[in-house]
Each structure stands twice: as C-alpha cells, then as structure tokens.
Amino acid sequence: MSASTVHASLPFPLPEMGCGTWAWGNQLLWGYDQRMDDDLQQVFNHCLSHGVTLFDSGDSYGTGQLNGRSETLLGQFAGQYQGPHADQLCLATKLAAYPWRLTPGSVVKAGAASVQRLGRPLDLVQMHWSTANYLPWQEAPFLDGLMDLVEQGQARAVGLSNFGPRRLKLAHQRFQARGLTIATLQVQYSLLSTYPVSELGLKDLCDELGIRLIAYSPLALGLLTGKYAAQGPYPSGIRGVLFRQLLPKIQPLLDTLAAIAAQRQKTSAQVALNWCLCKGTIPIPGAKTLDQAEQNTGALGWRLDAGEVEALDRAAQGSDRQMVQNIFQSR
C-alpha cells in the first residue's frame, strides 16, 4: 500500500481506502443486531491496523431507537484502540439535511451531538446530501453551519456528499468567500454506478478544485462481490428485491470481474475495489465481519493494469442495468 498523503485541502492524511459504517446500527437494510458489536470492533481494529484510517459515518446511521448508533460505536472503538496508525485515525460523519435544519445554528447543534457520540472533535464533517432537488435555499445556511463548526474547533475539515457539478461550484465559491475549502466529495461510484464521473464529470472538477473524491457503495450493496448468482439465493429484505432485478442483467460484467479475479488470484470484490482505486477515488466499502474487512484490505497493495481496467470499463458500459442513483444526487 502506498503511503497516505496530505491533500492541499486537508489538515490530515487520507488513506487509499476507507471503511463505511452504514450497516453499523441499521436493522432495516443490513440486519444489525447489538450482538454484532464484538465483530464490528474486530472490523475496526483490522482496518485501522492495516492503514484504512478513514471511517465514514452519519448522524442518521442506525434505525429507530438506534439512531446515531454507528457514531457511538466508532467512538467506543476509537477510545479502546491502541494499535498501529492510531495517530492517523480520521473519523468522518455526515450530518443529515433534515427539513428542520434550516439555520447555521441547527447544523452546529447537530455537529455538537455527533462530537458527543464520537467522544472527540470531528475530523471530517460532511453535508449528507444536496437539497437542490427539493429545497435549494436550505443549502447555503447548512454550508455556513459546517464552516462554523470548523471555526469553532468542533471539526477539522468539511466535505460534501451527493453534490453535482453546478451545486459543487456554488458551494466552493461560498467556502472561498470565508477563506475555507471543501476537502472531500462523496458520490455513489462503482462499476454499476459510473454516472457521477462519466456523465457529471465530477472527478475532473474535483481535481480542478483540489477536492478528493470518495466512492461510496463501491461494491453496489454487494452485487459486485461475486457472492450472489442470478438464480439466487438472494439477501433478505429490500436488497433481495433489487438483486432479483439486477443480477440477471449484469452477468457479463460479473463474468469479467470473475475472470480477472481468477487470473489475479483475488476475489471479485477486491477487483471491483481496485478498479475504484485505479480511477483515483477513495472507496469506502462497508464490513460487518472480520472476513469482509480482510477481503476489503486485500484490494490494497497492487493495481490492475490498463488492459484490465479497459476490459472492466467495456463490461460496465455494456451492462443492461446500472444501480439506481441516489435521489438526492444533484446536478
């Protein structure tokens, strides 16, 4: 794995790959149970000890009574960890753009609650989604609140999520006016979701503005892991419905992934993650078990060659289906 580097907009290094914690507390989509917490601590310890120092959370992560559970667990695990790379740990969280968060003060209050759950200042505080598609005027005060958190010392840097190029440029100008920068942008990006880069051009724009591009759902909710076949069995719940629709239509892509994986003596998931790395993004795959975490870190320390990347690009472009885009992704 190459060494982490400090980006111009960041006061700390970012790793090649991070760990997403959407599943840590989410019962509806991921079947979270508090008996999983020991496994999740093993995931945290493995990732951080292997240089995966970025852990991405959100104040909305966790269903029902477990809202904020992901942040609480991260705070607990970080407080107990004593292994390698502890000094490089980056705890990132996304503040949800709830309709009642209409003022900078309400955003600062939300950030302070996340700080309390994590037990430390936020390394990276992010706006969870753009409100441009339904309440565009909410964005400006929300962004002001994020900048206030930095100026008050409750956060070290600011990132955005699900912003398109037009809204990103506007946000960049607003930050410049206060002498601050946007450090990162998260978008749904994988072999089954190339839209933010191929159609919106966000990688080129982020490079121009000095923003690091983070790829969330880089394994397309598990579709790219090679674990599931078109004929089933499927995961339970909402994912199962989606998998039934998509798996028969993406078989050529899955076949290409499997062929490269076999040649490389890697897994399909590791090849899919490495493709994201080759595209200059920071993938943040999730993990609920140590085995999944070990598989994710196995994507580091090597690179697909140009021919393999091209073969995957062709297979992705030829796929009959792409993942449904996040409804909050703006233009």
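Author: **Aromatic pairs**

Searching the whole structure turns up eight aromatic pairs. Rings of Phe, Tyr and Trp (its six-membered ring) pair if their centres lie within 6.5 Å; planes under 30 degrees apart count as stacked, over 60 as edge-to-face and the rest as tilted. The model is predicted: local features need pLDDT of at least 70, side-chain atom pairs count only at pLDDT 80 or more, and totals for chains, interfaces and linings use all residues. Numbering runs from 1 along each chain as its sequence is written, and side-chain values use heavy atoms, with hydrogens and water left out.

Take Trp24 and Phe77. Their ring centres are 5.9 Å apart and their planes meet at 65°, so this pair is edge-to-face. Trp24 sits in the loop between β3 (18–20) and α1 (27–30), while Phe77 belongs to helix α3 (residues 69–80), so the pair ties together parts 53 residues apart in sequence. Helices (H or I, at least four residues) and strands (E, at least two) are DSSP runs, numbered from the N terminus. Trp24 and Phe77 are both buried. Buried means under 20% relative accessible area, exposed over 50%, and partly exposed in between (1.4 Å probe, protein chains only).

Now Phe44 and Phe77. The centres of these rings are 5.9 Å apart, but the planes are at 55°, so the pair is tilted. This pair also links distant parts of the chain: Phe44 is in helix α2 (residues 37–49) and Phe77 in helix α3, 33 residues apart.

How buried are Phe44 and Phe77? Phe44 has a relative accessible area of 0%, so Phe44 is buried. Phe77 has 3% relative accessibility, so Phe77 counts as buried too.

The picture extends further. Ring pairs join Trp24, Phe44, Phe55, Phe77 and Tyr81 into a cluster.

One more residue involves helix α2. Thr53 lies in the loop between α2 and β4 (54–58). Its relative accessible area is 1%, so Thr53 is buried. Setting aside neighbours within four places in sequence, Thr53 is in contact (heavy atoms within 4.5 Å) with Pro15, Met17, Leu48, His85, Gln88, Leu89 and Cys90.
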